[in-house]
Amino acid sequence: IKRAERDGRTSEDVAIEFEAAWWDALDKLGVLRPHEAPHATEYVEGMVELVQRLIETGHAYRTSDGAGPSGRERGVYLDVGTVEGYGLLARQPLDSLRAGARIEIDDEKRSPLDFALWKLAKPGEPSWPSPWGDGRPGWHTECVVMSLDLLGEGFDLHTGGLDLMFPHHENERAQAVALGRDFAHHWVHHAFVEVAGEKMSKSLNNFTSLTDLLASTDPRAYRLLVLQSHYRKPLDVTRAATAAAERALATLDAFGRRAAELPAAGSDEAALARFRQRMEDDLDTPAVVADLAELRHEANTLMDSADATAAAPLAAAFREIVGALGLAVASETSQIDSATADLVARRDTARAARDFPAADAIRSQLEAAGWIVEDTPSGTRVHR
């Protein structure tokens, strides 16, 4: 709303612009599109019905129109004192949360922990009709209504950042509990993205947008960086970290191209079983990435000794695992023309004769033509 006012646009235009940027970033990262992509504005009628039901059951109350003494928005609030087990996700009882809550000057709000279910509209803001006056739903209400509608009661998993655990996720859960609805059975919260040990945020002026990062970094490298860090631990995003991930990715690409020359084979079952065990252990992706490095090393060692038959199942497992991780790794060698193939052959002959000046000159010629040159035990390999 603030951006729309500043730019002289509608809030819908702003939302459409940033939604498009979000999808573009996810596509670049190789994140699959979800089956549903709900917009809160499509569920307002259901939100009004939920708020009305909370009022009827004595869990919510109305405040007067206009702004109160503190200038806070008026509307409909949930009385958290009526919700059994409020504070469960915060791991604190209600009395403890009350004691630590910020004191607000508001003569109609029963508790500083009570939160808005419906906010009465201010002039010029988007609004929808309701029995309590034109306005818009609170954030917590939007999410619980969409979750219950699309996933049903008792769905398995609710995720989000650690900072959403309380109050956002607790307030979602509270509304469902108040209405006797079975909500999420498992909650998973990931740690913060950090820069040099500090949480990335605009207020600290250490903020980098995902779109800016992907403009200067291979998106696959950022995905690998995320996989190298367990979701429960802070993810440190620095130029050095992304550069290291790009180097690691290059080694995976090099192996993928080399493994493309191996005969077709079934995946090594022990490697796949280890992968499943890692993922079932609270999504231990750092251990999986370490296992990939070991698979690559073992397969390369076997290929160096010309044992393609033993290397092929390991390479097949490698490809299956990176595919499950959504990590696009090079899987074939580049097609080369006859002139380039001749240069590669001449360079191998020069190296075999230990004529290194000639070999280096041919390398420079290949690189000037846009080829990346790799020295392998089986000879020179080039790719774009």
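In this predicted model, arginine 354 counts as exposed, at 62% relative accessibility, because that value lies over the 50% cut-off. Arginine 354 is placed in the loop that links α13 (338-352) and α14 (356-368). Its phi is positive, about 60°, although arginine 354 is not a glycine. Most residues other than glycine have a negative phi, and most peptide bonds are trans.

A positive phi is also found at alanine 306, a residue other than glycine, with a value near 65°. Alanine 306 belongs to the loop between α11 and α12. With a relative accessible area of 68%, alanine 306 is exposed.

Serine 305 sits in the loop between α11 (285-304) and α12 (308-324). A polar atom of the serine 305 side chain lies 2.9 Å from the backbone oxygen of leucine 302. Serine 305 and leucine 78 are 227 residues apart along the chain, and their C-alpha atoms are separated by 70 Å.

The peptide bond between phenylalanine 166 and proline 167 is cis, with omega about 10°. Proline 167 is part of helix α6, which covers residues 165-178.

Strands β8, β7 and β9 form an open sheet of 3 strands, in the order β8-β7-β9 and with mixed pairing. The edge strands, β8 (198-199) and β9 (235-236), each pair on one side only. Strands of a sheet pair through backbone hydrogen bonds, either parallel or antiparallel. Strand β7 (residues 193-195) and β8 run antiparallel and are joined by 2 bridges. Glutamate 194 stands opposite lysine 199 of β8.

Notes:
Residues are numbered from 1 along each chain as its sequence is written. This is a predicted model: local features need pLDDT of at least 70, side-chain atom pairs count only at pLDDT 80 or more; totals for chains, interfaces and linings use all residues. Side-chain values use heavy atoms; hydrogens and water are left out. Helices (H or I, at least four residues) and strands (E, at least two) are DSSP runs, numbered from the N terminus. A polar contact is a pair of N or O atoms within 3.5 Å; within protein, one must be able to donate a hydrogen and the other to accept it, and residues adjacent in sequence count only if both atoms are side-chain atoms. Two strands pair if DSSP finds at least two bridges between them. Buried means under 20% relative accessible area, exposed over 50%, partly exposed in between (1.4 Å probe, protein chains only).
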